[in-house]
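These are my notebook entries on a single structure. I set down what I looked up, in the order in which I looked.

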Amino acid sequence: MDARDDGFGQLLLDCWSAGPRPHTFLQVIERDDGFVSVEDAYRYFSVPEEWVEPERAAVLRARGRVLDVGCAAGRHATVMTEQGCEVVGIDPSPGAVKVAAERGVDARPGTILDPGDVGTFDAIALLGGNLGLLGSRRRSTVALYRLATVARPGARLLAVGHDPYATDDPVHLAYHEHNRWRGLLPGQIHMRLRYKDAMSEWFDRLLLSPAELTRLLAVTPWRLADVVADRETGFYLAEMTLARQVDVLEHACAAACVSVHDYPWMDCQALAAEIDVRRRRPRGDGPP
Ligand SMILES: C[S@@+](CC[C@H](N)C(=O)[O-])C[C@H]1O[C@@H](n2cnc3c(N)ncnc32)[C@H](O)[C@@H]1O
């Protein structure tokens with residue numbers, strides 16, 4: 001990635017080298033309907049007292065070895081490290097990785113779909129609205145399975161999202177309607193970032209309500225365990241737990257009306273046998 005592709009990283013580097021202060025370095029966010037907003041880079045250096053409650057709750061719930069996906073300048077990673085967690089941050093932006101590393105974070109290049117050789121974790125964090133990295137309905141399934149491959153048994157996924165319906169702005173409501181018409185989830189935002197002469201590629205960020213998230217999770221290894229919502233801003237923490245593989249497979253088969261034996265993508269013969277036993281067991285015959 002050269003500097004013009006990494007405008008976000010350059011924004012963080014400029015803000016960091018000047019000494020982070022509010023209202024000093026701004027980036028422009030462009031949506032594909034022409035809607036433009038401005039974001040203050042100071043946000044990426046802010047401290048817990050300045051965060052919304054769901055961000056604070058997410059960081060407080062992190063334990064053990066933690067993967068911070070899309071860590072940017074490491075504002076959450078530094079706090080989780082102070083709390084005693086062993087944190088690895090990943091980010092595709094070379095500038096972000098450089099700033100986070102200078103701030104003492106074990107920061108590495110990586111993405112939600114390709115985290116790299118990072119080991120396994122007790123908690124995986126998608127903070128600062130990074131639930132949006134799920135991107136789209138289809139991509140979310142792939143991403144959530146990918147994250148499950150780096151999760152230890154009993155791991156938690158701590159994700160901060162933004163409810164797209166926490167608005168009555170007619171411009172946003174029209175965008176939702178256009179997405180519905182195209183068969184997309186209403187909160188799928190096609191956008192790009194601009195800073196100085198740098199411009200990112202267009203990409204998708206997925207804003208989901210907790211109810212939409214629950215439906216997406218049904219065919220993944222994760223289950224929604226708790227939600228901490230900030231009604232004023234629309235931000236919420238979704239805490240997810242890793243389901244047992246056998247439950248995931250059974251659910252996926254039921255949803256797709258297929259047999260567990262038709263699933264070539266998973267080494268599932270032992271799981272299939274267990275599900276067959278469950279199905280043969282009459283109702284009320286002991287615990288499932
Ligand atoms: C909205 S910012 C949030 C940053 C950070 N979590 C925070 O709250 O300060 C999104 C971050 O995700 C990173 N990112 C973008 N695409 C990504 C991907 N596919 N996988 C992981 N991180 C990604 C960006 O470089 C950026 O650092």
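This is a predicted model: local features need pLDDT of at least 70, side-chain atom pairs count only at pLDDT 80 or more; totals for chains, interfaces and linings use all residues.

Which residues of helix α2 are buried? In α2, which spans residues 53-61, I found Pro 54, Glu 55, Ala 58 and Val 59 to be the buried ones. Because they cover an arc of only 135° around the axis, they lie on the same side of α2. I then looked up what covers them: the elements include α3 (75-82), β6 (121-126), β7 (151-162), β11 (222-229) and β12 (235-242).

Entry on the sheet. I recorded an open sheet of seven strands with mixed pairing, in the order β5-β4-β3-β6-β7-β12-β11. The edges are held by β5 (106-109) and β11; each has a single partner strand, so one side of each is left without a neighbour in the sheet. Direction ignored, neighbouring strands of this sheet are turned by 20° against each other on average.

I next went through individual strand pairs. Three bridges join β3 (residues 65-69) to β6 in the parallel sense, and Leu 67 stands opposite Ile 124 of β6. I also checked helix α7 (residues 210-217), which packs on the sheet and touches β7, β11 and β12. The direction of α7 makes about 170° with that of β11.

Entry on β12. How many of the residues of β12 are buried? I counted six of its eight, so I describe the strand as mostly covered on the criterion of 20 or more other C-beta atoms within 10 Å. On the β7 side, β12 runs antiparallel to its partner, with seven bridges between them; here Leu 158 faces Glu 239 of β12. With β11, β12 again pairs in the antiparallel sense, over seven bridges, and Val 227 has Ala 238 as its bridge partner in β12. The hairpin of β11 and β12 has five residues between the strands, and in it Gly 234 takes a positive phi near 85°.

Entry on Asp 5. I located Asp 5 in the segment before α1 (7-18). Asp 5 is partly exposed, because I find 15 other C-beta atoms within 10 Å, a count between the limits of 12 for exposed and 20 for buried. The C-alpha atom of Asp 5 is separated by 5.6 Å from that of Ser 200, although the two residues are 195 residues apart along the chain.

Entry on the ligand. Which residues come nearest to the ligand? Of the 18 around it, I listed Gly 70, Ala 72, Thr 111, Ile 112 and Gly 128. By class, I recorded ten nonpolar, six polar and two charged residues in the shell.

Conventions:
Residues are numbered from 1 along each chain as its sequence is written. Helices (H or I, at least four residues) and strands (E, at least two) are DSSP runs, numbered from the N terminus. The arc is that of the directions from the helix axis to the C-beta atoms. Two residues are in contact if their C-beta atoms, placed from the backbone, lie within 7 Å. A residue is near a molecule or strand if its C-beta atom, placed from the backbone, lies within 6 Å of it. Ala, Val, Leu, Ile, Met, Phe, Trp, Tyr, Cys and Pro count as nonpolar, Asp, Glu, Lys and Arg as charged, and the others, Gly among them, as polar. Two strands pair if DSSP finds at least two bridges between them. Axes are lines fitted to C-alpha atoms, for helices over the stretch in contact, and angles run from 0 to 180 degrees between N-to-C directions.
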